[in-house]
Amino acid sequence: MTDSLSGESLFTEDEGDLLGEVVNIAMGRAGAALAEAFSGFVNLRVPEIRAVNASIIGEARARLEHAYDRISIMHQEFFGELAGHIAVIFGPASYAALRNVLGFDDRDGDGRRQREELLLELGNALASTCVSGISSQLEMRTGLRAPRVVAFDAPARDAVQRLFGDLPVWSGKTLQIDIVFHLEEHDVPFELVITVSPECLSSMKRELSRRVMG
Amino acid sequence: MDAQQRVAFDYPSIVANLLTVGMVAVDRRFAIVVWNRFMELNSNIRSEEVLGKNLFEVFPELNRNWLEKKIKSCLVLKTPSFSSWRQRPYLFRFKASPVLAGEAEFMYQDVSIFPIHDESCTVQGACVVIHDMTELANAVRLLDQTQDRALDLEELNQRDSLTGIYNRKFFDEQITQGVLSSRRHNWPLSMAMIDIDHFKLINDTYGHPGGDMVLRHLAARLQSMLRASDTFCRYGGEEFALILPHVAQHDARSLLDRLRLAIENLVIDLPDGGQVSVTVSVGVAQLQEGQTSGHLVSCADEALYESKHAGRNRVSCYPIAK
């Protein structure tokens, strides 16, 4: 997986390998913290790290539209020395299962707002643990903005259109980390896509290179 | 030498005096350790009254299960957590500024929660930050209302006020669109002009209220027999126009014959207690290659004239068989 990184010359082979390690450690810690915070959680697969260019959007759209009928999408931005976007894509979710995992009672009912809130809560927990894990290991400061629901149980085509319509357009290559996670006893996987802003790639490369040398 | 060593600032007072943002810090047992000026002034509770007390005992109206769970997961994950006024209008029920509030009965709030740690970096509590979002919430509400009204107006603008069906203006737009897409996709398009026979006689006999009643009942009856994709309009006076996308002339004719028969069998109750029946004459035309919407309407008109000429209460098609 890191081959594609060095192969596309974003990073050297050593830097790419180190980044793979950094991300794996960050995910390991995230998984442990999430398991401690929420019961019945979670099952992170080995993340996939890729150098991508803007054309990936077309592929991603086609894949999501093919994979799902209806989806919900949460979007969250992180900014600072390490900056970028996180999208969490939820397939058909069992809100009862989510509520159990998050430990919220039913006092506030089961309307759309309550369901959106469950997605935001879970999405933010995943996004913030993953991003802060990477930022602390690379010693790049970052902050998360509040998450928002881009689409709620919308036809995949519309949801994806809204997500990519909102994102800034970039040229050249950037870094994307795909993480798939499961809730225990919950068949449907959720997908987390972290896209690093191209502007921070040079300082990320510097941090990686410093660690490779050191 | 850093600033802290040079000047003996009262650092806690910086946060304590913060007026634009609410800050409440609690320790692991939810005892309040910071209660800033924003919180004091909005809650009317001074910090000395709440410091050291359990947050949920001072504010029993807080949703304890939710907030406790949220703060706890923030402590374990060591990452910030958020709540938006869009999903949860407020955390603390405060009065909104009367200037910003509009119709809001309370202050809309965004909430962010982040872990706070001691000098050895052990997480010891959480800080709850409250942002007043009333102005934005109000603006969004006004925007939604305006959009709804604009949609209502647009809808209203397309309707005939007497019968409630589409008006002439809408017909003109739709027939132009219909001709364009029929050409582009190469599907058939038919239309019909429908005119009430001897309508002047009805007005003369029963007065305008009687005439209006006939127009309303007839429009409702015809509309109920059409598909959602058909556009049925009051063209003017006692004349109606019908656009039939994806329908060739032969099928249009059968449909219009059914409509004509339905009107013939319709008994209309009048305001004065009497009853009346009417008939309609119909002209049908199908869009031909190279025709504009104007041509198409003229052809249907010509067929309608033929129906009138041949004795009324009938359907004629263009071109007229001589």
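Two residues are in contact here if their C-beta atoms, placed from the backbone, lie within 7 Å. The model is predicted: local features need pLDDT of at least 70, side-chain atom pairs count only at pLDDT 80 or more, and totals for chains, interfaces and linings use all residues. Residues are numbered from 1 along each chain as its sequence is written, and chains are lettered from A and ligands numbered from 1 in the order in which they are written.

## Contact between the chains

Chain A puts 22 residues into the contact and chain B puts in 16 residues. On the side of chain A that touches chain B, helix 2 (13–37) and helix 5 each supply at least two residues, and helix 5 gives the most, with nine residues. Helices (H or I, at least four residues) and strands (E, at least two) are DSSP runs, numbered from the N terminus.

By class, this side of chain A has ten nonpolar, five polar and seven charged residues. Ala, Val, Leu, Ile, Met, Phe, Trp, Tyr, Cys and Pro count as nonpolar, Asp, Glu, Lys and Arg as charged, and the others, Gly among them, as polar.

## Nonpolar cores

A nonpolar core is a set of buried Ala, Val, Leu, Ile, Met, Phe, Trp, Tyr and Cys residues joined through C-beta atoms within 7 Å. A residue is buried if 20 or more other C-beta atoms lie within 10 Å of its own, exposed if 12 or fewer, and partly exposed in between.

The largest core has 95 residues, and those with the most contacts inside it are Ile71(A), Ile73(A), Val88(A), Cys130(A) and Leu192(A). Helix 5 of chain A provides the largest share of this core, eleven residues. A second, separate core of 47 residues includes Ile175(B), Leu218(B), Leu244(B) and Val284(B).

## Helix 10 of chain B

Helix 10 (residues 199–224) of chain B has 26 residues, yet its end C-alpha atoms are only 22 Å apart, short of the 38 Å that a straight helix would reach at 1.5 Å a residue. That expected span is 1.5 Å times one less than the number of residues. The helix bends by about 125° at Gly207(B), with Pro209(B) following within four residues. The bend is the angle between axes fitted to the seven residues ending at a residue and the seven starting there.

Buried residues of helix 10 of chain B include Ile202(B), Gly211(B) and Leu218(B). Among the elements covering the buried residues are strand 6 (189–196) and helix 11 (249–264) of chain B.

## Asp110(A)

Asp110(A) sits in the loop between helix 4 (95–102) and helix 5 (112–138) of chain A. Asp110(A) counts as exposed because it has 12 C-beta neighbours inside 10 Å.
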